[in-house]
Amino acid sequence: MSTVLEEIQRLSPTAEIWWDSSPLDFNRWRDGFLAGAPDRPARERWDRQLRTFLCPDAPDVSLVRGVTTNPSLVAQSVLATPRPWEAWIDQAVREQPLPDLDHTFHLVYEEALRRAARAMRPMWDATRGRYGWVSGQLDPRLMFNAEAMTEQGLRIAQIAPNLMVKVPGSAAGYQTIRSLVGHGISINNTLSYTVPQFLACVDAVEGGLRDAKRRGVDTTRWRAVFTHMIGRFGANADLRHEAAARGVELTATDLRWGELAVLKRIHRLIAEHDHPIKPLLSSLEADDRTQGFDGLSMHLEHSAGGSVAYTCKPQFVADVVRREAELPRLDAGGIDSCVPEHIMDKLMWLPSFQRGYLSDGMSSDQFAHYGAFTATYAEVLGNTRRLLDFVARRFQALSSRARPLSLSGSPR
């Protein structure tokens, strides 16, 4: 009997399962998960399922086809195994004529991407660039500086041929996407939640492809994905506040339908216009029955059969493995199921839903002010600071002074 995620992939020949973490963290996570099994039969069953989940050296066996990372995930990976990284950072500092904190931070981040790309490279080679991609996100502190993001994106793309540059859904981000695609660089548009952002991404991608063609750039192994951070759309507190202010009763199920409404519209636009981009669902959620849900995951149930990539965080994989019997039989037409009309009527009363769902709901300069964007941006910045502080502590460990060297490389 196939697992839930295997069934998702079986129902659509173009569906893909991705791993939302470093591939180097998978074995440690799997071993910890199996150790928590309630009994031996469950442990053996889970072990069978996970044995073929992520196998970069055996693409024909592996369920996972690609990997997403971001500054938060890189920080978690580095901080989960600090000892080897401490030694690596110490060596990197010693090799710099004028040790620089910010430069060393970028060296650590790029080394983490290099290791992840190296792990997935066998799959990329075996499939001639179709699978085996690793998304490497740009420094979130550059999110509103297109020139700086383009410069970093060009550098990240040189680390490995299977690195896909992950660019934020800000106005400057879409300028960056066009520039990078014009150089034949594969991209992943992140911090993206809405139909207007998707349309801006399409314009940037298609403009970049035209630029690449004019320049004679080879795009044979190029690809693009649009990350719809589906669970974070419904977690936008503005939706609940607006509903309460208007006397609209909004349930957890209504919010889930709102997330799916945006996905279904994006999927339909791609099919109708043959846009060269695939939606990649992140922030997938397993549903809580105590909140009125009647299955395992509406995200899976109502996107089944679509040309969709699913990037699964470790907790989501754990939930799916533990609770897969709760998912109703998947229907290949799930992606085409309609949002109930009475729910759409409620959602359309909410300005934040309209801004996210309607094609002209927002202009590009408003993307970075959207509630889901600002919440995620704050979280990513916080984790970036944690990683930067980890590097700063190594500077202090190598110095007799309390303060690390300055960002400019000159001691204070």
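Which side chain does the side chain of His 275 join in a polar contact? That of Glu 206, at 2.9 Å; a polar contact is a pair of N or O atoms within 3.5 Å, where within protein one must be able to donate a hydrogen and the other to accept it, and residues adjacent in sequence count only if both atoms are side-chain atoms. The model is predicted: local features need pLDDT of at least 70, side-chain atom pairs count only at pLDDT 80 or more, and totals for chains, interfaces and linings use all residues. Residues are numbered from 1 along each chain as its sequence is written, and side-chain values use heavy atoms, with hydrogens and water left out.

**His 275**
- His 275 lies in the loop between helix 12 (252-273) and strand 7 (278-282); helices (H or I, at least four residues) and strands (E, at least two) are DSSP runs, numbered from the N terminus.
- Leaving out residues up to four places away in sequence, His 275 touches Phe 198, Val 202, Glu 206, Leu 269 and Ile 270, where contact means heavy atoms within 4.5 Å.

**Helix 4 and helix 17**
- Residues of helix 4, including Val 74 and Val 78, meet residues of helix 17, including Leu 387 and Phe 390.
- By class, this contact has 8 nonpolar, 3 polar and 2 charged residues; Ala, Val, Leu, Ile, Met, Phe, Trp, Tyr, Cys and Pro count as nonpolar, Asp, Glu, Lys and Arg as charged, and the others, Gly among them, as polar.

**Whole protein**
- The protein has 17 helices and 8 strands.
- Of its 412 residues, 58% count as buried.
- The C-alpha trace spans about 65 × 55 × 50 Å along its principal axes.

Key:
Buried means under 20% relative accessible area, exposed over 50%, partly exposed in between (1.4 Å probe, protein chains only).
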